[in-house]
Amino acid sequence: MENVRAIATFQLIGEEVYRTNTFIQFGTSRKSLGAVVMLNPGSAHLKGEAKKKLIMNGSHTDETTLDNTMKQLVQFMKATHSELEGRLHLYNLFYVRNATGIEAIELFEHLKTSGKYPTITLPSLLEMSQHPWILIGWGVEKRSRWRFFEEEKKEWLQLIEDSGIPYFGIQSENNEYYHPCPNGPAKAERLHQLIEAFNNHIYLSSLKKS
């Protein structure tokens, strides 16, 4: 996509790959355009030489491929912003890479239980304050055994509330937040829902303040 890149830090820890500090760059500005909190890193990966550097050094920050979720978010940003110059920051409930949602949560629970998940702290309130809005989209899957997963959601919701930043998402009947990029035909419908939710909760609110 023209003038759009994704940047992230990849780390090899044990047998797993972790991806942190991810953002989609529009143009050259470092200004935050917004933030998204999702489940975990998916299929985006380093390219060519950058992938070799990760294997050699155990950690590397570079441009990544745009996975389907990132492409969906780019379409969302283009539909909701007349000017795109800055960064869309991507956060996750946890940072171990796995493209399948339920498998990812099970892996996270296993790593937490076994003490193998690295210490990754939530962003500070100062960091959160740079974002004009937050989209929540970590999915609607629930299992009673997913204790650490539920704890992460609660901590993020508390952080978002404490930050006072406007937030939105597409909620299910039991108040969970749908992922922004489902598979299949629902993908186009979800994009439409996100655009409508943004316009109703963020754009109109900003107009009233101004």
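Me: How many aromatic pairs does the structure hold?

Reply: Good place to start! This is a predicted model, and it holds 12 aromatic pairs. To read such a pair, look at how far apart the ring centres are and at the angle between the ring planes; planes under 30 degrees apart count as stacked.

Me: Which parts does the pair of Phe94 and Phe108 tie together?

Reply: Phe94 sits in the loop between E5 and H3, while Phe108 belongs to helix H3, so the pair joins parts that are 14 residues apart in sequence.

Me: Are Phe94 and Phe108 buried or exposed?

Reply: Phe94 and Phe108 are both buried.

Me: Which residues do ring pairs link into a cluster with Phe94?

Reply: Ring pairs connect Phe94 with Tyr18, Phe108 and Tyr117 in a cluster.

Me: What lies over the face of Phe148?

Reply: Here a charged side chain meets a ring: Arg147 lies over the face of Phe148, 4.3 Å from the ring centre.

Me: Now for pockets. What is the volume of the largest pocket, and which residues lie nearest its centre?

Reply: The largest pocket has a volume of about 750 Å³. Its lining has 32 residues, and Thr69, Ala99, Gly101, His179 and Cys181 lie nearest the centre.

Me: Which helices and strand each supply at least two residues of that lining?

Reply: Helices H2 (68-80), H3 (101-113) and H6 (186-209) do, and so does strand E5 (86-92). Sorted by class, the lining has 14 nonpolar, 13 polar and 5 charged residues.

Definitions and conventions: Residues numbered from 1 in each chain as written. Predicted model: local features only at pLDDT ≥ 70, side-chain atom pairs only at ≥ 80, totals over all residues. Heavy atoms only, no water. 1 Å grid on protein atoms, 1.4 Å probe; cavity = no way out; pocket = protein on both sides within 12 Å on 5 of 7 lines; lining within 4 Å. Points joined across faces, edges and corners; volume = space filled by probe spheres on them. Helix = DSSP H or I, 4+ residues; strand = E, 2+ residues; numbered from the N terminus. Nonpolar A, V, L, I, M, F, W, Y, C, P; charged D, E, K, R; others polar. Phe/Tyr/Trp six-rings, centres within 6.5 Å; stacked < 30°, edge-to-face > 60°. Buried < 20%, exposed > 50% of the residue type's maximum accessible area, 1.4 Å probe, protein only. Lys NZ or Arg CZ within 6 Å of the ring centre and 35° of its normal.
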